[in-house]
Amino acid sequence: MKKSVFLGALTVAGLAAGAAAAGTLDDVKARGKLNCGVTTGLVGFAAPDENGRWDGFDVGVCRAVAAAVLGDPDAVEFVPTTGKTRFTALASGEIDVLARNTTWTFSRDVDLKFTFVGVNYYNGQGFMVPKELGVSSAKELDGATVCIQTGTTTELNLADFFRANNISYEPVPIETNAEGQQQYLAGACDTYTTDASGLAATRASFENPADHVVLPEIISKEPLGPLVRHGDDEWGDVVRWTLNALIAAEELGITSANIGELSAAAGDNPEVNRLLGTEGNLGEMLGLDADWAVKAVQAGGNYGELFEKNIGENSPVGLARGLNAQWTDGGLLYSPPFR
Amino acid sequence: MTAMTDPARESFRLSMLIYDTRYRSFTIQAVALLGFMLFGAWLISNTITNLQTLGKPVQFGFLLEPAQYDINQRLLDYNNRDTHLRAAFIGLTNTLLVAFLGCIAATILGVFVGVLRLSKNWLVAKIMAVYVEVFRNVPVLLWIVLAMAVLIESLPSPKDFRGDNATASMSFFDSVAVTNRGVYIPEPLFSRSLGDVHLLGDSPLRMDLSLDLLAIVLVIIASIFAIKKVNARATAIQNSTGLRPTTWHVNLGIFFVPLIVLLIALGFHLGYPELKGFNFQGGTHLRNSLTALWLALSLYTAAFIAEIVRAGILAISHGQTEAAGALGLRPKRIMSLVVLPQALRVIIPPLISNYLNLTKNSSLAIAVGYMDITGTLGGITMNQTGRELESVLMLMLAYLIISLSISAVMNWYNSRVKLVER
């Protein structure tokens, strides 16, 4: 088994060099399918629905990219990855883009040689506890047993938080979110920690969500975003501007409902026209069709629609927009101009 | 008179390397070796070049950077400011711990089951057969996950011990707490402790050696030596007079009196676990991850060892037992003097490979969140630093060293018990 890992690493290294040289955009077009890395299942972000069709907020980004590049939001091969396998999968070329609640950090960007193309969710790490425990602040967790997904930034934040507050804890490392749920619900750990959005999603899938509370402390900055391999800027641009197109579409009031009408002919707003390809040649610059952004928005709606449908306040996950509102509404979402 | 001349000595020609059967095999081997080395060199250079292209040259400097993560089960001191190398070493000690406990438990259980499977009692033999077949035909990973799930779901959580109408209570006179976070047992404490010696200074491999433990071990070894002397003297008396003096009470005294005196001198007492805050505090915490892994690995490997033991005993012809019986030996002595020494010759070599299997299977520990070396170096460190190749190479080296050490020890033991053939 060890030997196969070693040989696997060799092949991985070989594949990666090949993939980086060929140009991911051409590869995806030739293949006719986008390989997109997602979580193994996190309600609201990426999980197969009852028909086995992948659905969620991160999945929406994958589908938008597939629609922009290939014209078909269903031309996506979803590759479930764990916290430990995701980077190897991306570096090796097994996936073209990783949209999996991955925190943008310095070392991942610089040392692991990835390019984060933007932020699709501003997150932070929180704690969930059973209500009956009577804890109201994370600083009261001295001596608690903490379930934590191994191989994530949350593990390091947790160590830093407890060290900075000079309190002790017992980490219980777990491999996937499902195992974390099992251990937490059985009382094998007092608290479960991960990104606050992940906690909300996990809590939503419980039988009695009201028996559990997410503590107010957010102990870290976790900007989550899709990422691609270093060194293929053309492909990075495609994913980056697809994400920006979704954000800009919300800002400009383009929704899946009115996009057909708006893209039929050039209208009064030049930026809308440039984005939807009725004016200028932005699509051509990216190496895509002129109506790439139209297809991207049609895939699942603009950023706000994706948010509301999958993780918004009316969905089971029930997250408020908070920092993830448009900059015009006091949030942090700010797409560079389309010109 | 005929002149005797030696046949002209054939001079060596290069073509003989191919056409002369005396040299041909060397040629083929040399060519094969060269080819194999070239293939290896190609793989290695390919890897290095490709990693260089990716901007990830092979470096081991990351091992000396702070690990930044915590490990729950630590046999040696460690905190999240220590280096990745230290974290890997802590993982290594955890691997060795579960391998050691597993090998012992699997051997005891395996011998027991192997012997019972040969029992003349139909029910006992069949039950053991079912155990062996069930355990060795299901992947060990499933047993590990099942053991963990059973422990987590069936045992009470610490909060059940709290309050006036607690649904769970501690066992063994309130000294042991069995929870779904692990078993808390009393820990030995010494009020007049001799302290620790710190070995290897500040290096990542540093360790503390408890002088109390060392003193206890030394006293026990000395006692055993004294008991052997007493027994040798008893044998000498028996040989000269034919009467063996009773020695058991002397032996018991030699074993226990110095030990008890030492324990009193050190101020030995037990520290009991107590429910404080979220968890039990004090006592020794046997985590469920360790218990589940230990249990599953032992039960799984014991099924194989049972078959080896059964095969070993069946390999000794029944004539041996009958002959020994004819010499007047009793069944117990027949087993210990005639059958087992010969059976061990058959048992030991496959037993070695089962110990190796158990050790290597312990790398499945991450399934239950047990922080062995695969979990630390091959898990968190690899993932946080992105140094896959380096980490995997070091992991392979670590398992290679462990396995070769086990082999060396067991082979030495094998050479001692094997039948000397004349």
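Author: Start with what α14(A) packs against: α3 (57-70), α9 (233-251) and α13 (292-300) of chain A meet its buried residues. Two residues are in contact if their C-beta atoms, placed from the backbone, lie within 7 Å. Helices (H or I, at least four residues) and strands (E, at least two) are DSSP runs, numbered from the N terminus. This is a predicted model: local features need pLDDT of at least 70, side-chain atom pairs count only at pLDDT 80 or more, and totals for chains, interfaces and linings use all residues. Residues are numbered from 1 along each chain as its sequence is written, and chains are lettered from A and ligands numbered from 1 in the order in which they are written.

Helix α14 of chain A covers residues 303-310. Its buried residues are Tyr303(A), Gly304(A), Leu306(A), Phe307(A) and Asn310(A). They sit on the same side of α14(A), because they cover an arc of only 165 degrees around the axis. That arc is taken from the directions from the helix axis to the C-beta atoms. Buried means that 20 or more other C-beta atoms lie within 10 Å of the residue's own; exposed means 12 or fewer, and partly exposed is in between.

Now the whole chain. Chain A has 14 helices and 14 strands. Of its 339 residues, 51% count as buried. The C-alpha trace spans about 60 × 50 × 40 Å along its principal axes. Take contacts in chain A between residues at least 6 apart in sequence: 73% join residues at least 24 apart.

Chain A also meets a partner. Its contacts with chain B involve 39 residues of chain A and 37 of chain B. On the chain A side, α1(A) gives the largest share, nine residues.
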